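Biologist: Could you walk me through this model before I start looking at it in detail?

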Amino acid sequence: MCNAGPFSFGKKTCRSSEKYIIFAFWICGVLAQLVERLVRNEKVRSSSLLGSTIQNPSTAGFILKFSLNNKWVLITGASSGFGAAAARAFGGEGAKLLLGARRVGRLKKVAAEAKKSGAAEAHFHELDVSKTASVETFMAWAKKKIGNRKSAVGNLHVLINNAGGAHGLDSVADGKDADWETTFQTNVLGILRVTRAALPLLPHDAGASIINIGSVAGRSAYAGASAYCAAKAGELAITRVLRHELFGTGIRVGTVDPGLAETEFSNVRFKGDKKKASEVYADMNPLTAEDIAEILVWVASRPPHVNIDEILVKPVDQAETGKVYRRGK
Ligand code: NDP
Ligand code: 8X3
């Protein structure tokens, strides 16, 4: 017999077969400890870790990440800006995409880009979030795509309520009804309609997420943005209400609130006036659509027990809504 100990066998030398047996026992012990530690982590951290992957075993413990590979991700307003960049970014994670917006030609292009970046599937369908009938038709289509998984609950893991924007920069005194109405129809009622229709598709206790796109405008005021500030404050309120209403379901709810980002946003706000739109970002470094897409992927891929409630993200050159540092040329 030789002395115990994994590698040092004491004074006596073991025969090589005994060494192998002891080494095998030692390896089994280490593996058992690792598995036990992982199981303990899962029990503590989450009621269900379906879809989680062990990303990085380290001395600090296991870092768990919710894998987006082959998960269904629905993005509204996917034809440009944040939505299009998010489609490419979630595609890069191997997700299965359901993309909606009014410009179907643009969606087709975005879906092809997302496939190229690695999406397991990328489907698109016309969607106008300002119309209940359109939202319901879109969600019926989405349900069909996701397919019957022989389960009462759905299989949609990520809903991104991104469609929206600002219309005009008039003071209240000069405000136009059409601008105000469109702003509320898309940024506020759009989120409510899409979320109501999508909720039956979101599985409970399985790491599903609803991520709404808010804005710095929902947290502070600037002249000319009364309806937009009110609408994005409404988005923030809806997100917080959903957090209460979905409490206990395991469905995560959060908002990502960007500052100035160069997309088609200002072009839409100024109704196609490209000069006015480009002045918004002149001589400063705005956020990009990709910056936001990366954050969306990060939020959705946290372990299922982690809810990122609210993220406020601004360019370094923007301290407040109206306070922008212009660098000069
Ligand atoms: P874009 O104008 O590039 O994208 C807006 C997207 O929303 C488009 O895909 C558009 O698609 C879609 N959309 C607009 N109205 C509707 C509708 N009625 N039904 C369906 N889709 C609609 O701008 P951003 O990417 O910047 O904007 C995305 C979101 O981010 C918006 O909610 C915006 O308020 C918000 N935001 C933007 C910031 C910025 O500085 N850029 C900062 C903070 C928040 P289509 O026209 O094809 O329907
Ligand atoms: C868009 C950002 O500052 O133009 O929501 O309102 S801002």
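This is a predicted model: local features need pLDDT of at least 70, side-chain atom pairs count only at pLDDT 80 or more; totals for chains, interfaces and linings use all residues.

Biologist: How many helices and strands does the protein have?

Modeller: The secondary structure of the protein comes to nine helices and eleven strands, and of its 329 residues, 39% count as buried. Among contacts with a separation of 6 or more, 70% are accounted for by residues 24 or more positions apart.

Biologist: Which residues touch the most other members of the largest nonpolar core?

Modeller: That core has 72 residues, and the ones touching the most other members are Leu-74, Ala-86, Ala-87, Leu-97, Leu-99, Ile-292 and Leu-296.

Biologist: Take Ala-87, then; what does it touch?

Modeller: Leaving aside residues up to four places away in sequence, Ala-87 touches Ile-75, Ala-78, Leu-97, Leu-99, Val-110 and Ala-114.

Biologist: And which residues of H9 are buried?

Modeller: In H9, which runs over residues 289-300, the buried residues are Ala-289, Ile-292, Ala-293, Ile-295, Leu-296, Val-299 and Ala-300. They are on the same side of H9, because they cover an arc of only 160° around the axis. The helix has twelve residues and reaches 17 Å from its first C-alpha to its last, close to the 16 Å expected at 1.5 Å a residue.

Biologist: Switching to H6, what covers its buried residues?

Modeller: The cover includes helix H5 (177-198), strand E7 (209-213) and strand E8 (252-258). The buried residues of H6 include Ala-227, Tyr-228 and Cys-229, and also Lys-232 and Glu-235. H6 itself spans residues 226-245, and its 20 residues reach 28 Å from the first C-alpha to the last, close to the 28 Å expected at 1.5 Å a residue.

Biologist: Now the ligands: how many residues surround ligand 1, and which are the closest?

Modeller: Ligand 1 is surrounded by 31 residues, of which the closest are Gly-77, Gly-81, Arg-102, Arg-103 and Gly-164. The elements that give two or more residues to this shell are helix H2 (81-92), H5 and helix H7 (265-269), and the largest share, three residues, comes from H2.

Biologist: How does the shell around ligand 1 divide into nonpolar, polar and charged residues?

Modeller: It divides into twelve nonpolar, 14 polar and five charged residues.

Biologist: What surrounds ligand 2?

Modeller: Ligand 2 is surrounded by Ser-215, Val-216, Ala-217, Ala-225, Gly-259, Leu-260, Phe-265 and Thr-321. By class, that shell has five nonpolar and three polar residues, and no charged residues.

Technical notes:
Residues are numbered from 1 along each chain as its sequence is written. Chains are lettered from A and ligands numbered from 1 in the order in which they are written. A nonpolar core is a set of buried Ala, Val, Leu, Ile, Met, Phe, Trp, Tyr and Cys residues joined through C-beta atoms within 7 Å. A residue is buried if 20 or more other C-beta atoms lie within 10 Å of its own, exposed if 12 or fewer, and partly exposed in between; C-beta atoms are placed from the backbone. Two residues are in contact if their C-beta atoms, placed from the backbone, lie within 7 Å. Helices (H or I, at least four residues) and strands (E, at least two) are DSSP runs, numbered from the N terminus. The expected span of a helix is 1.5 Å times one less than its number of residues. The arc is that of the directions from the helix axis to the C-beta atoms. A residue is near a molecule or strand if its C-beta atom, placed from the backbone, lies within 6 Å of it. Ala, Val, Leu, Ile, Met, Phe, Trp, Tyr, Cys and Pro count as nonpolar, Asp, Glu, Lys and Arg as charged, and the others, Gly among them, as polar.
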